[in-house]
Amino acid sequence: MATFTLNINGESREIDVDPNTPILWVLRDHLNLVGTKYGCGIAQCGACTVHLEGTAVRSCMLTVSSVGNQKITTIEGLSENGDHPVQKAWLEVDVPQCGYCQAGQIMTASAFLEKNPNPTDEEIEMAMNGNICRCGTYIRIKKAVKIAANTNNA
Amino acid sequence: MTLVKTSIGRRSFIRTTGLAGGGLVLGFSWLASCKGKTEAQVMQMPKEWFDINGFLKVGENGLVTIMSPNPEIGQNIKTAMPMIVAEELDIDWNNVLVEQAPLNTAIFTRQLAGGSQSIRQGWEGLRMAGATARHMLKTAAAEAWQVPIDEITTSPGMLHHEASGKQAGYGDMASAASQLDIPEEVELKDNDTFSIVGTDRKNVDGPKIVTGKPLFGLDVYEEGMLTAMIIHPPAFGMTFTSMDADAAKAMPGIKDVFLVDVYPEGVEKQWSDGGGIPQLVAIVGESTWQCIQAKKAVKVQWEKSGTLEDSDYHEAALTEMLDTPVEAPARADGDVAAAFKKAAKVIERTYSAPFLAHNTMEPMNFYAHVTPDMAVLNGPIQTPEFLEKTVAARLDMPLEKIDVQMTRMGGGFGRRLYGHFGVEAAVISQKMNAPIKLVYTREDDMTQGTYRPAYKVRYKAGLDEAGNLIAWHVKGVGTNDDLIFENRFPAGAVDNYLAEKHNLTSNVTTGAWRAPRSNFIAGAEQSFMDEVAEASGKDPIDFRLELFDRAMTNPVGDPEKNDYDPARYAGVLKLAREKSGWDGGTNKNRGVSAYYCHNSYVAQVLDLTMDGNKPMVDKVWCAVDCGIVINPISAKNQVEGGIVDGIGHATYSQLTFVDGVPQQKNYDTYQLIRGAEAPKEVETFFVDNGIDPTGLGEPSLPPISGALANAMYKATGRRYYQQPYILQKPIVG
Ligand code: FES
Ligand code: FES
């Protein structure tokens, strides 16, 4: 066990865990931030996506000891009132079915649009392809990403 | 305007109740359906139809709360159900809240979420409850204002008496209304006056989902809670012998490692315990990561206790059964043998599909806190009432002391009908004398399943000189399942018809998987139909329509037996033809398919472009007849999801076995469809016929694998007989 100070959603949080613990479980088990989901644990599904210094990463393979003081943003910290353009677009298109994968989808989409505010359809497809939605909401996800891109540019 | 009775004889579908103080609280039967029933029919109605299992509360603040006995697994019933009540009650639907009713068997009887039945069963009960409450509020206002009730009108949430100008909010009259007798008869609105039902309403849980609020079973964290994980036998056909857990027990945070007798002798398994393994190793610790680590350090010895089955064995055994005569046919009309003899053309084809895992995005999990006085369980489960019973039997506690709560579910697809993980959680908590949350890793989840069975089906069709279908023979088999619906299409449309089925016993556990049996047989049948239509020289849609016409005008056998309505079937097919601008089958990349299941009819036309051996679907036109559509935006979401799911599993997914060991354990080897492989566009069209609503969670899935295979044939010249299509070995000759 070792003590780590993490910068999560703009707050400094201290925890005492095994250095190999993935951020996913630090968030869920130790910090009561359960919006980040477990789906596969091997970086295949994207349910656990968070932002590390603004880049979308798989928190299930990101050990707590590797993070240092880099900024982590989770779905809970994406916006103060749930009104990030991507969240708004998700509600407008009524994307979710079971909803389980959607936090990861939104985190992937928001980091992507930050870097590429004017994406083509193909770029959207590529960017979102690492996130599985077992309920099959892919068509709406693409639509929502496009809407969010347009509001960003408006 | 329809009048419905709220009671029959001395049995009532509705009663006022003292469940909560203040306001008007009505208990009602979710299953209530007495419209147009005769006295004799009513006598035969199942008792459960009268059980009070839903609650409707009009609060003094005017807010309406519905306590729903049905769990949410992503079909969005949590939005559709309040829409129905709001419609009849005449209230702004934003003022209706839905709460998940706790399972308390003294008051509720819970129905299960499965088979796309939630809305179908709830439709009339919910309408009646809303209409009864409205009627009672009107009566209370009439009494308060001393005017006749038929002079009272309502506008959303308000009562009015036009002549005197008096008005009041529902909340103001709610307590007075609660003192009144239940009216014997209430009026339901005419369908064409609906202002909420049939309009787009967004998912009521949407804001919570997009902000990551705790909603799911895995999100349950309680004070003092420990995490539990399991190790199950590595293969079907193996059981536990011994273990060395010393190293694991010494690891940080680990509280205990022990053998769990989940189902010891004497504890009777119900169907809902399917997939449950009698003995497992449990690891209990402070955190999930610590348990995952310790799990790897436990050394368990297993022994062979049954056959260790391979996929090659399944393949051979299923084929062998297709070649084995059946004892008696499931249905036989005319004389197929004679008809094949005189047929101008005979076509015979065999189709197969592998086992599939459910792969709900949220793996199996359950919270349990068992003390000598009470067992509290909470988690994602489609069959809570069954879980209560098994837990009571297993813990040897009375049913009243078992309390099962439900969370939102991160996907169901049938997997959470089988609640063995809840039983496991209860037993582990009891042993630890502490609250625990049992968590399956993805690997645990994928390798201990209630899988979609492996299937094989052989079709044989005979055509006469003019290309008319004169004989149809279907013979199917599945592992622990017999696959064939003998009274579905084309039964009743062909003079000589024979349906036969076998069941191959396997120790690989199987169960319901989204649209059971239909999920495979629809695609196989519709692929075959396409090939037969081609051989007949007819347009594939015309060919099907001729058969529906036959079933309508001059059905073969007893038409009552046929499990479909040919007119509604033909209706969706014509709608899909029109909307897609069907071109008589000349388009190089286009396929069609139609199927009926779960009381709904679906026809699809699909356009694609091949990218190597990968089908890239450009567009699907989907026509659906599911009666009245409550919430189109969400209904379309279900349809799209079913199509993506159907294309994905038919094209990419499979679970295979070597020596009883599942060969795919996580998403690196088990391929699921991804966004780039999903159709670019799905356009959904609903038949507007005013028929009471039927299911939508499942019906769009089954036919799509047929439309896909038929379009792939057009594009490649190859027929697709084996799922997953992408792995099909080229057929030689
Ligand atoms: S849980 Fe991290 S990618 Fe699946
Ligand atoms: S909405 Fe259920 S997994 Fe994506």
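Predicted model: local features only at pLDDT ≥ 70, side-chain atom pairs only at ≥ 80, totals over all residues.
Residues are numbered from 1 along each chain as its sequence is written, chains are lettered from A in the order in which they are written, and side-chain values use heavy atoms, with hydrogens and water left out.

Chain A gives 50 residues to the contact and chain B gives 59 residues, where contact means heavy atoms within 4.5 Å. The area buried between chain A and chain B is about 4600 Å², and carbon and sulfur atoms give 58% of this area. Buried area is the accessible area (1.4 Å probe) that two parts lose on being put together, summed over both. Of the area that chain A buries against chain B, 17% is supplied by A:Q97, A:R134 and A:I139, more than any other three residues.

Between chain A and chain B there are 30 residue pairs in polar contact, both residues being at pLDDT 80 or more. A polar contact is a pair of N or O atoms within 3.5 Å; within protein, one must be able to donate a hydrogen and the other to accept it, and residues adjacent in sequence count only if both atoms are side-chain atoms. On the side of chain A that touches chain B, at least two residues each come from α1 (23-30), α2 (85-93), α3 (102-115) and α5 (138-153) of chain A. The largest share, five residues, belongs to α2(A). Helices (H or I, at least four residues) and strands (E, at least two) are DSSP runs, numbered from the N terminus.

Side chains of opposite charge can pair when their charged atoms come close. A salt bridge is counted when a side-chain nitrogen of Lys or Arg is within 4 Å of a carboxyl oxygen of Asp or Glu. The count over all chains is 37 salt bridges, and the count between chain A and chain B is five. A:E125 and B:K680 form a salt bridge, with the closest N and O atoms 3.5 Å apart. Another salt bridge joins the side chains of A:K146 and A:D121 (3.2 Å, N to O). This pair links distant parts of the chain, 25 residues apart, with A:K146 in helix α5 and A:D121 in helix α4 (residues 121-128) of chain A.

The structure holds nine cavities of 30 Å³ or more. On a 1 Å grid over the protein atoms alone, a cavity is a set of points where a 1.4 Å probe fits but cannot get out, and lining residues have an atom within 4 Å of a point. Grid points are joined across faces, edges and corners, and a volume is the space filled by probe spheres set on the points. The largest cavity has a volume of about 100 Å³. Its lining includes B:W472, B:F489, B:P490 and B:E525.

B:F489 and B:P490 are joined by a cis peptide bond, with omega about 5 degrees. B:P490 is placed in the loop between β25 and β26 (496-504) of chain B. A cis peptide bond also joins B:Q723 and B:P724, with omega about -5 degrees.

How values were computed: 1 Å grid on protein atoms, 1.4 Å probe; cavity = no way out; pocket = protein on both sides within 12 Å on 5 of 7 lines; lining within 4 Å.
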